[in-house]
Every structure is written in C-alpha cells, then in structure tokens.
Amino acid sequence: MLYNILPPIRSTLMYLNRDKNSSEPLSFITHMEQEFYGLDIHSNILHYWFFSTCAMSSYVVSTSSMVVQATLLYSACNNCYSLFKVVAIRLKGLSALAPEAVQYELGDIVSMHVDALRCIELLEKIVNLSALVQVICCSLTWCLMAVYLTNNLDETAINVTMCFAVATFDTVGMSILGEQLARSSTVVTDAICNFLWYEADLNVRRSLLRMLQRAQKPVGFSAAGFYFINIERFGKMAQTSYSVYVVMKDSL
C-alpha cells in the first residue's frame, strides 16, 4: 500500500501547493515507468492520476498473484512435512504392537513414506525453475537497489526500499520452507534409529534399512537442480550479493 499510495499523495500535494506564478514546471513522482503511451504523466495532473490508477491496479493484481503463489507453496510444504511427521509417529508406535502385526503396519508406513517422497518430487518439479528465477532476481535486486540507494536518497528511495523489502521477504520465506522440508526427512531418520530394530524380525529390519537409506538422502526443492534452497544458502547468497555491491559501488 505504501508503495502505491505515497507517490500519488506526494505528487498531489506538490500540485496543490505549487506557486502559480512560478514558471518552473512540475515533475510528478512516478512509481517506476517514465513514459505512458504518450501521456504527459510528469506535469499533467489528470494524465498522472490516470497513470497512477492503472499502475495501482496492475500492482494489486500482481501482489494478489504473489500471495496466492506463496500460500500454495506454504500449504504444499506443510502437507509434505505433516506426512513425514505422521510416518515418524507411526514408526514410534510399532513398539507397542504385537510382533505379528508389526510387518503389516510397517507395510502401510512404507507406502506412506513413499507417497511423501513423491509429493516432494512433484513439488520440486513445479517449483525448481521459478525458484531459480526468484534467487537470481533477488540477488540482482539487492545489488542494483543498494547501489541506487547509496547514490540517491530522495522520494523515490521509499519505493526502491519497498521493492527491496518485498524481494527479500519472498526469498526468505522460500528459504525457510526449504529448510523445513530438509528437516522433514531427519524426523523419519530419528524415529527409525530410536526404534528397537535389533529385536524385530529380519523382514522388518530389511524394510527399516531401506527406509533409513532413503531418509538419509537430502530432500527439498532446489534452484533448477543446482542446489537446495535453505537458510544456509540464503546467507551465502546475501554475502555474495554484498561483495558484488561493493565492487559495483567502487566502480561507479
């Protein structure tokens, strides 16, 4: 809201408080665009408000799309994490079952574990390309906007700061969800290790061993297969972006 409302309010106040006897033309504050289909959006108040209305409408639609995307990603990650937790809870309950019932219960647990892994694989296929674009755009946004804010501290700096905050918040949220998915597999690993597997039947041991081997492999969604997105990678990306920003600032 601040990103959309502040420029029109500031420009309207400039128009109302202008000196009518002054020959200096007004220059209204725009969101990002410098030209809009031949309209004089920098000095004509009607053209400017028409542009601002169109800009605010497009920003609202874009923000709504981003919120829906983030909500779907959050729900999908939570569902995958919940499946792994259910698998871990059912593994802990095996010790309370009779020996002849453990094999049947373990078969259902293995099927649920496979379903949880398939859910993460499908999520990875859906998210990996968009995650790569998000990481690259966020890193470029940090570098370019940091250079801009270093050299320009005016009214437009508020808009730039808003874009900076949105890009950072989106990437941090994706990193947190990736970290949560990475921890989900360790929940199953801990449950298997805490189970009294050495007292179980040989077939049960083999099933647990296969589950343990698969649970020890890293899971999550990646940036187009290059690396898994998590908090550690986010920190490294921030350090790299700052190094690039320092080089760019010294070169300009």
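The structure in the viewer is a predicted model.

**First stop: the cavity**

Rolling a probe the size of a water molecule over the atoms shows where empty space is left. The space in the largest cavity amounts to about 50 Å³. To display its surroundings, select Val135, Thr171, Ser175, Tyr227, Ile229, Asn230, Arg233, Phe234 and Met237, which line the largest cavity. Colouring this selection by class shows five nonpolar, three polar and one charged residues.

Next, colour the selection by element. Helix H4 (156-194) and helix H6 are the elements that give two or more residues to this lining. The largest contribution is that of H6, with three residues.

**Second stop: Ala131**

Select Ala131, which is found in helix H3 (residues 99-151). Is Ala131 buried or exposed? Its relative accessibility is 0%, and Ala131 therefore counts as buried. Leaving aside residues up to four places away in sequence, Ala131 is in contact with Met174, Ser222, Ala223 and Ile229.

Thr161 is 30 residues from Ala131 along the chain, and their C-alpha atoms are separated by 22 Å.

Side chains of opposite charge can pair when their charged atoms come close. How many salt bridges does a search of the whole structure find? The search finds two.

For one of them, select Glu105 and Arg90, whose side chains meet with an N to O distance of 2.8 Å. Glu105 belongs to helix H3 and Arg90 to helix H2 (residues 45-92), so this pair ties together parts that are 15 residues apart in sequence. Glu105 is partly exposed, at a relative accessible area of 22%, and Arg90 is also partly exposed, at 23%.

Then select Glu232 and Lys236, which form a salt bridge with their closest N and O atoms 3.7 Å apart. Both residues lie in helix H6 (residues 231-251), and because they are four residues apart, about one helical turn separates them. Glu232 is exposed, with a relative accessible area of 54%, whereas Lys236 counts as partly exposed at 40%.

Terms used: Residues are numbered from 1 along each chain as its sequence is written. This is a predicted model: local features need pLDDT of at least 70, side-chain atom pairs count only at pLDDT 80 or more; totals for chains, interfaces and linings use all residues. Side-chain values use heavy atoms; hydrogens and water are left out. Buried means under 20% relative accessible area, exposed over 50%, partly exposed in between (1.4 Å probe, protein chains only). Contact means heavy atoms within 4.5 Å. A salt bridge is a side-chain nitrogen of Lys or Arg within 4 Å of a carboxyl oxygen of Asp or Glu. On a 1 Å grid over the protein atoms alone, a cavity is a set of points where a 1.4 Å probe fits but cannot get out, and a pocket is an open set with protein on both sides within 12 Å along at least five of seven lines; lining residues have an atom within 4 Å of a point. Grid points are joined across faces, edges and corners, and a volume is the space filled by probe spheres set on the points. Ala, Val, Leu, Ile, Met, Phe, Trp, Tyr, Cys and Pro count as nonpolar, Asp, Glu, Lys and Arg as charged, and the others, Gly among them, as polar.
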